[in-house]
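Welcome, and thanks for taking a look at this protein with us.

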Amino acid sequence: MKVLVIGGGAREHALCRSLSQDPSVTELHCAPGNAGIARVATLHPVDQLDGAQVLDLAVRLGAELVVVGPEAPLVAGVADPLRAAGIPVFGPSAEAAQLEGSKAFSKDVMAGAGVPTARSYVCTTPEEAAEALDAFGAPYVVKDDGLAAGKGVVVTSDREAALAHAASCERVVIEEYLDGPEVSLFAITDGTTVLPLQPAQDFKRALDGDEGPNTGGMGAYSPLPWAPAGLVEEVMESVLQPTVDELRRRGTPFSGLLYAGLALTSRGTRVIEFNARFGDPETQVVLARLRTPLAGVLLAAGNGTLDQLEPLRWSEEAAVTVVVASEGYPAAPRTGDPIEGLAEAEADGTAYVLHAGTRAGGDGEVLSAGGRVLSVTATGADLAQARERAYAGVGRISLKGGQHRTDIALKAATA
């Protein structure tokens with residue numbers, strides 16, 4: 001099978017790494033890719049938001065499966081011309097991708113499907129925002145209605161800061177605060193059948209102890225030893241299957257990766273948000289534990305044959321990923337600095353480096369090219385060993401001004 005992956009972050013590197021290890025994949029291409037993905041796939045320049053360009057590339061390569069990684073191309077409708085041309089594609093239509101592209105649309109779908117979530121108001125004026133904030137009280141949760149690369153949500157007890165964030169967005173969703181630990185659960189779906197993956201937990205805040213601003217994610221781990229028994233089955237029954245059924249009922253079937261961000265509150269499991277694609281950095285740890293070859297699973301979702309798959313196989317090992325970010329991330333990330341120690345980080349075979357924001361320099365060096373630069377991922381017999389191996393890898397990497405959290409999976413590993 002010839003496979004084309006669209007995107008160029010650590011999520012796409014994780015996908016490409018898994019696909020490169022699948023015996024059924026004879027050719028692997030990525031557009032636009034990054035310096036790390038170039039080691040396992042052939043890179044091609046493309047405007048990933050331009051469906052016509054992506055279709056032209058897929059046709060030229062004879063791609064038999066196209067995997068669209070990031071949310072922006074999905075919301076822009078890149079999957080639609082591919083599907084219309086009869087090319088199997090992993091990723092929802094532009095219409096279905098509004099589940100992530102619009103918080104208000106997502107809330108409407110959840111209401112229709114009877115999915116448990118936070119009470120909320122959609123606000124378009126400062127007056128509406130102030131009224132909604134006062135209705136719920138602190139801590140305030142203010143979400144940009146559109147895509148914001150994981151950084152459009154403000155959770156604060158400062159009313160003025162909440163109002164300022166609302167004023168900076170065209171439309172916001174203001175909702176009640178959900179207490180309790182958060183869980184990310186991915187499910188692969190063809191629009192009818194839903195296949196859940198293993199749960200993971202990510203770390204959104206920039207600094208240790210969940211301090212600092214929201215980011216796209218600073219690390220993740222799986223499995224979750226503290227998660228209640230039957231969590232996946234409960235979320236399948238109350239969240240994932242009803243959402244897929246509701247979207248199909250509306251005439252906008254969702255095919256691809258449905259990501260449920262969950263809060264395990266004192267009043268039960270609640271959906272914080274949906275995403276329409278693999279999450280980053282959770283993908284890094286979930287795929288590290290998946291033993292079933294990936295290409296056939298993604299193709300079955302694209303072809304509508306998920307119900308014919310055998311159950312997925314999983315490693316009993318734990319996985320931890322730690323994000324190395326550039327100086328100034330998330331506000332004003334510094335780029336263009338050389339990254340050293342990449343080979344050393346992987347030398348003992350216990351950790352590997354997934355590139356996020358990197359590019360190749362003129363003389364073969366690897367340079368930083370984004371806010372989140374690398375994800376160092378490791379597996380181990382348990383979370384403590386996986387964590388130790390991941391941080392050992394991080395310790396061998398040198399990036400001027402680079403930053404990372406030191407507490408990824410710490411509580412879970414020492415509980």
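V67 stands opposite F90 in β5. This is a predicted model, in which local features need pLDDT of at least 70 and side-chain atom pairs count only at pLDDT 80 or more, while totals for chains, interfaces and linings use all residues. Residues are numbered from 1 along each chain as its sequence is written, and side-chain values use heavy atoms, with hydrogens and water left out.

**The parallel sheet**
- Strand β4 (residues 65-68) pairs with β5 in the parallel sense over two bridges.
- Helices (H or I, at least four residues) and strands (E, at least two) are DSSP runs, numbered from the N terminus, and two strands pair if DSSP finds at least two bridges between them.
- Five strands make up an open, parallel sheet in the order β3-β2-β1-β4-β5.
- At the edges are β3 (42-43) and β5 (89-90), each of which pairs on one side only.

**Strand β10 and its partners**
- Seven of the eight residues of β10 are buried (buried means under 20% relative accessible area, exposed over 50%, and partly exposed in between, with a 1.4 Å probe and protein chains only).
- Strand β16 (residues 256-265) runs antiparallel to β10, and eight bridges join the two.
- T189 stands opposite V194 in β11.
- The hairpin of β10 and β11 has four residues between the strands, and G191 takes a positive phi near 105° there.

**Two residues to look up**
- D179 sits in the loop between β9 (172-175) and β10 (182-189).
- With a relative accessible area of 31%, D179 is partly exposed.
- Beyond its neighbours within four places in sequence, D179 is in contact (heavy atoms within 4.5 Å) with A263, L264, T265 and S266.
- The C-alpha atoms of D179 and T265 are 5.2 Å apart, although 86 residues separate them along the chain.
- The side chains of D179 and S266 are joined by a polar contact of 3.1 Å. Such a contact is a pair of N or O atoms within 3.5 Å; within protein, one must be able to donate a hydrogen and the other to accept it, and residues adjacent in sequence count only if both atoms are side-chain atoms.
- Y121 belongs to strand β6 (residues 120-123), and this residue is partly exposed because its relative accessible area is 41%.
- Not counting residues up to four places away in sequence, Y121 touches A132, A135, F136, V172, V173 and I174.

**The largest cavity**
- The structure holds three cavities of 30 Å³ or more. On a 1 Å grid over the protein atoms alone, a cavity is a set of points where a 1.4 Å probe fits but cannot get out, and lining residues have an atom within 4 Å of a point.
- The volume of the largest cavity is about 60 Å³. Grid points are joined across faces, edges and corners, and a volume is the space filled by probe spheres set on the points.
- Residues lining the largest cavity include L99, K103, V173 and F274.
- The elements giving two or more residues to this lining are α6 (103-113), β9 and β17 (268-275).
- α6 provides the largest share of the lining, with four residues.

How values were computed
1 Å grid on protein atoms, 1.4 Å probe; cavity = no way out; pocket = protein on both sides within 12 Å on 5 of 7 lines; lining within 4 Å.
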